Amino acid sequence: MHEVMPIYNENILMLRNGRWQMMSEPIHFDRSVAGVGPAASFAQAWCNANESEQIGLIPCAEGGSSIDEWNAEETLFCHAISEAKFAMKTSELIAILWHQGESDSHSEKYKDYYRKLDVLVNSFRKELGVTEVPFIVGGLGDYLGKSGFGRSCVEYDLINQELLRYAENNRNCYFVTGERLYSNPDGIHINAESQRRLGIRYFEAYQTKSNVNKPLDNEVEIVNLCCEKEYTIAEKRYITLEQFTLGEGSLEEVMKFFK
């Protein structure tokens, strides 16, 4: 969390406990070590292109999950559908962002990955009644298979090939490369700065309705643009409250926004 500038924007909401609230990271709480992900920079890039409009994030991820755990009969899929349907009561679903595969990057599991992904995508679209919604799949980082917990992911490139093949063969599906992303010291999780760049790539695929097969030339500049903004009063109030909750601010600083 401390390795990148935070993103605060009153037009970026997240669904939590059945309520829309201003986004703050970690967006997901599936693990105690949850931190920065690609959704925040995706959302900020979307806001930059859609000024004064709001976007809502529906967190449904489960770290370390295999594609089998996303079968339509399993808990993760059912939870995601439930959350999305709840959100769709007050909003329009514009995209599904998918980033998974490390847990399937060994033991020749790539051979069944395309088929399982096809079932998953069609199940999401059918259950949510959104046959045309973009389904954007992110490639795995090319640092995998070398160190730490990522050492077992020796078939990551084969999973990437299946993800790209799926995007090329199916309508409204787009692939985002994981090239030149870097990991945390654990060798498996994408580090914070790379997560910001990955989110930008996701938005590029969404905006252009095309695959992003190589890193963008201006990724760093776009990330900086996403993080360097003048905060509104509402955003300053939210930041101050959050800092106070974390023990990083004073009560006096909080109260000045509530006089």
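This is a predicted model: local features need pLDDT of at least 70, side-chain atom pairs count only at pLDDT 80 or more; totals for chains, interfaces and linings use all residues.
## Helices H5 and H6

H5 covers residues 192-208 and H6 covers residues 219-227. Their axes come within 9 Å and cross at roughly 100°. Angles from 65 to 115 degrees count as roughly perpendicular, and H5 and H6 are therefore roughly perpendicular to each other.

Ser-41 belongs to helix H1, which spans residues 39-49. Is Ser-41 buried or exposed? Its relative accessible area is 1%, and buried means under 20%, so Ser-41 is buried.

Apart from neighbours within four places in sequence, Ser-41 is in contact with Ile-7, Gln-195, Arg-196, Gly-199, Ile-200 and Cys-226.

Glu-179 is found in the loop between strand S6 (173-176) and H5. With a relative accessible area of 37%, Glu-179 is partly exposed.

Beyond its neighbours within four places in sequence, Glu-179 touches Asp-142, Arg-201, Asn-213 and Pro-215. Glu-179 and Gln-195 are 16 residues apart along the chain, and their C-alpha atoms are separated by 12 Å.

## Helices H2 and H3

The crossing of H2 past H3 is right-handed.

On the H2 side, the contact is made by Phe-77, Ala-80, Ile-81, Ala-84 and Lys-85; on the H3 side, by Leu-120, Ser-123, Phe-124, Glu-127 and Leu-128. Seven of the residues in this contact are nonpolar, one is polar and two are charged.

## The largest nonpolar core

How many residues are in the largest nonpolar core? It has 66 residues, and those with the most contacts inside it are Ile-12, Met-23, Trp-98, Leu-117, Leu-120, Phe-124 and Phe-135. In soluble globular proteins, nonpolar side chains tend to be buried together.

Leu-120 and Phe-124 of this group also take part in the contact of H3 with H2. Leaving aside neighbours within four places in sequence, Phe-124 is in contact with Trp-70, Phe-77, Ala-80, Ile-81, Ile-96 and Phe-135. Of these partners, Phe-77, Ala-80 and Ile-81 belong to the H2 side of that helix contact, while Phe-135 is among the core residues with the most contacts.

Conventions: Residues are numbered from 1 along each chain as its sequence is written. Side-chain values use heavy atoms; hydrogens and water are left out. A crossing is left-handed if the near helix is turned anticlockwise from the far one by less than a right angle, and right-handed if clockwise. Helices (H or I, at least four residues) and strands (E, at least two) are DSSP runs, numbered from the N terminus. Contact means heavy atoms within 4.5 Å. Ala, Val, Leu, Ile, Met, Phe, Trp, Tyr, Cys and Pro count as nonpolar, Asp, Glu, Lys and Arg as charged, and the others, Gly among them, as polar. Axes are lines fitted to C-alpha atoms, for helices over the stretch in contact, and angles run from 0 to 180 degrees between N-to-C directions. Angles under 35 degrees count as roughly parallel, over 145 as roughly antiparallel, 65 to 115 as roughly perpendicular and the rest as oblique. A nonpolar core is a set of buried Ala, Val, Leu, Ile, Met, Phe, Trp, Tyr and Cys residues joined through side-chain atoms within 4.5 Å. Buried means under 20% relative accessible area, exposed over 50%, partly exposed in between (1.4 Å probe, protein chains only).
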